[in-house]
Amino acid sequence: MPLIIITGHPCCGKTKRSLEIIEFLQKEKDKVVHHISENDVIKTTGMDKNELYSNSQKEKEMRGILKSETLRLLGSDSVVILDAGNYIKGFRYELYCASKSSKTTQVTVECCANSEQAWTWNLDRAEEERYSREAFDALIMRYETPDSRNRWDSPLITLQHDDVFPTDVLFNALFHRKPPPPNQSTQCAPLSSTNFLYELDKVTQEIVASLLSAQKMGACGDVKVPGYNDIITLPDTTLSAAQLARHRREFLKYTSLNPPITGHDSTANLAGMFIQFLNTTLANSR
């Protein structure tokens, strides 16, 4: 059922908006709602909030927990609200793919507030729940603002702290529109081609070789993969052959266990899947 992704700076009112949505959907629309709260997960795991956000590995583990819990509930007959910073666009894209694969709708709700006002609200919290200035500023600097032009952020509802929540807009976006149809890269099915593993190995090797060659020529940022129509976002730091080989092995392992439906353009589909996988993996490893 529908997924609502709450996103925004620290202390900008994300949980307040989540509770407003829960009250509206439960009391006025008689819907079952699951609220996945990043703050609750942090408390449950016993992590220190400021230590968490200063450790990229622990933060990645936290995103994994949130994603796992979201995917577990997506198939049920209810609305799922992910109440977290969700500041990485690659992570929001992963969630979009998951909801698309589940054939359900998704809405992004961005909570906005002036950074200094948010800092004041942070100081009003209990001491054990406050962000340190360093963690607070770092999260704001790392925040990747949702863009309604991106399919994974759309439809997007942007709210200032004092705005009245447009409940009818939210409800229509969740229940009165068709979910995006799952494409071949988000569906799993038994293999339909005996050449699948051969094609998979060949295509991924070609793409890795193309990326290494492009990097030698100084390419970075958004780069069109030679021979394909797909765009990959290369980091500022050069990716080594070992790093790309590791990412390729991870993709081969995952795809072998979760093979896609192959069609007339199977080679192009496999290339698109691998490039999509690399974009998401590289975004999450920053």
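1. Lys-43 sits in helix α2 (residues 38–45) and Glu-129 in the loop between α6 (115–123) and α7, so the pair ties together parts 86 residues apart in sequence. A salt bridge here is a side-chain nitrogen of Lys or Arg within 4 Å of a carboxyl oxygen of Asp or Glu. Lys-43 is exposed, at 55% relative accessible area. Glu-129 is partly exposed, at 30%. Buried means under 20% relative accessible area, exposed over 50%, and partly exposed in between (1.4 Å probe, protein chains only).

2. Some ground rules. This is a predicted model, in which local features need pLDDT of at least 70, side-chain atom pairs count only at pLDDT 80 or more, and totals for chains, interfaces and linings use all residues. Residues are numbered from 1 along each chain as its sequence is written, and side-chain values use heavy atoms, with hydrogens and water left out.

3. Now the confidence. pLDDT is the predictor's confidence in each residue, from 0 to 100. The chain averages 85, and 87% of the residues score at least 70. Confidence is highest in β1, at 97, and lowest in helix α11 (residues 266–284), at a mean of 76. Over residues 185–193 the pLDDT is below 50, and this stretch has 17 contacts in the model beyond near neighbours in sequence. Residues 261–265 also stay under 50, with seven contacts beyond four places in sequence. Where pLDDT is low, the predicted coordinates should not be read in detail.

4. The overall build. The chain has eleven helices and seven strands. Both are DSSP runs numbered from the N terminus: helices are H or I with at least four residues, strands E with at least two. Of the 286 residues, 43% count as buried. Among contacts with a separation of 6 or more, 76% join residues 24 or more positions apart. Contact means heavy atoms within 4.5 Å.

5. Helix α8 (residues 167–175) has a buried side. Leu-170, Phe-171, Ala-173 and Leu-174 are buried there. They cover an arc of only 165° around the axis, which puts them on the same side of α8. The arc is that of the directions from the helix axis to the C-beta atoms. The cover over these buried residues includes β1 (3–8), α1 (14–28), β4 (106–112) and β5 (156–160).

6. Ser-99 belongs to helix α5 (residues 89–101). Ser-99 is buried, at 2% relative accessible area. Beyond four places in sequence, Ser-99 is in contact with Leu-3, Leu-74, Thr-104 and Gln-106.

7. The peptide bond from Ser-154 to Pro-155 is cis, with omega near -5°. Pro-155 is in the loop between α7 (133–142) and β5. Cys-11, in the loop between β1 and α1, has a positive phi near 60° without being glycine. Asn-86, in the loop between β3 (79–83) and α5, has a positive phi of about 45° and is not a glycine either. Cys-11 is buried at 6% relative accessible area, and Asn-86 is buried at 5%.

8. Back to charges. The whole structure holds twelve salt bridges. In one of them, Arg-248 meets Asp-201, with the closest N and O atoms 2.4 Å apart. Arg-248 lies in helix α10 (residues 241–257) and Asp-201 in helix α9 (residues 196–216), so the pair ties together parts 47 residues apart in sequence. Arg-248 is buried, at 14%, whereas Asp-201 is partly exposed, at 31%. Elsewhere, salt bridges that share partners join Glu-116, Arg-133 and Asp-137 into one network.
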